[in-house]
Amino acid sequence: MKIIKTALNGICILQADVFSDERGYFLESYHKEKLKNLGIEAEFYQDNFSLSAKNVLRGLHFQNPPFDQGKLIKVISGSVLDVVVDIRKSSATYGKNFTIELNSEDHLMVWIPPGFAHGFVSLAENTLFYYKCTKPYNKDSEAGIIYNDPALNINWGVNQPVLSEKDKILPNFSDATILF
């Protein structure tokens, strides 16, 4: 497994070793010791899956402390444009974002430590998105930022995304309740 640093301190792309032959392929999506050797020491509490139609946009979501979550994310089938926003007020990259296309063919994963808002838009039908979380979901700690806030200037690549009712009314970045 290899790690690739990004412009946002703490956000890492993980490239799994993929072993392919005429039968298909094999890869390790999680190996505690290998991640630790790469500098990612996280205990995971919960695993989540979401299935999304094309143009479904989920996010930008986060949980405030004490239920702030780190996430290890991967696309099982389909593809997404994945977006991470730094919400750590003391960070040099506060308010900056990082985007990456993740798909089932490249087998890339992204480590998102606590202190980042996260979202994605499905680029294919029946996209299966998987993520491991370091803390449990907690309704009282959940928060978010509207996906199209002009201050964030995120190019989602979709003109009319499909949103949940909850995501349609998220606040702008400047009005969000951010406790980091």
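This is a predicted model: local features need pLDDT of at least 70, side-chain atom pairs count only at pLDDT 80 or more; totals for chains, interfaces and linings use all residues.

Asp-47 has a relative accessible area of 41%, so this residue counts as partly exposed. Lys-132 is buried, because its relative accessibility of 11% falls under the 20% limit.

In total the structure holds 9 salt bridges. Another one joins Glu-165 to Lys-168, whose closest N and O atoms are 3.0 Å apart. Both residues lie in helix α2 (residues 165-168), with a separation of 3 residues, about one turn of the helix. Glu-165 counts as exposed at 58% relative accessibility, while Lys-168, at 44%, counts as partly exposed.

Lys-139 and Glu-142 form a further salt bridge, with the closest N and O atoms 3.8 Å apart. Lys-139 is exposed, with a relative accessible area of 59%, and Glu-142 is partly exposed at 26%. Together with Lys-166, these two residues are linked in a network of salt bridges.

Is β11 enclosed or open? Of the 7 residues in this strand (residues 116-122), 7 are buried, so β11 is largely enclosed by the rest of the structure. Phe-116, His-118, Phe-120 and Ser-122 point one way from the strand, and Ala-117, Gly-119 and Val-121 point the other way; all are buried.

Two strands that pair with β11 can be traced through His-118. Strand β8 (residues 79-86) runs antiparallel to β11 and pairs with it over 7 bridges, and Val-84 has His-118 as its bridge partner. Strand β6 (residues 57-63) is also antiparallel to β11, joined by 3 bridges; here His-61 has His-118 as its bridge partner.

A search of the whole structure finds 1 cavity of 30 Å³ or more, and the largest cavity has a volume of about 80 Å³. Its lining includes His-61, Phe-62 and Gln-63, as well as Phe-116, His-118 and Phe-180. The elements giving two or more residues to this lining are β6 and β11, and β6 gives the most, with 3 residues. By class, the lining has 6 nonpolar, 5 polar and 1 charged residues.

Notes:
Residues are numbered from 1 along each chain as its sequence is written. Side-chain values use heavy atoms; hydrogens and water are left out. Buried means under 20% relative accessible area, exposed over 50%, partly exposed in between (1.4 Å probe, protein chains only). Helices (H or I, at least four residues) and strands (E, at least two) are DSSP runs, numbered from the N terminus. Two strands pair if DSSP finds at least two bridges between them. On a 1 Å grid over the protein atoms alone, a cavity is a set of points where a 1.4 Å probe fits but cannot get out, and a pocket is an open set with protein on both sides within 12 Å along at least five of seven lines; lining residues have an atom within 4 Å of a point. Grid points are joined across faces, edges and corners, and a volume is the space filled by probe spheres set on the points. Ala, Val, Leu, Ile, Met, Phe, Trp, Tyr, Cys and Pro count as nonpolar, Asp, Glu, Lys and Arg as charged, and the others, Gly among them, as polar. A salt bridge is a side-chain nitrogen of Lys or Arg within 4 Å of a carboxyl oxygen of Asp or Glu.
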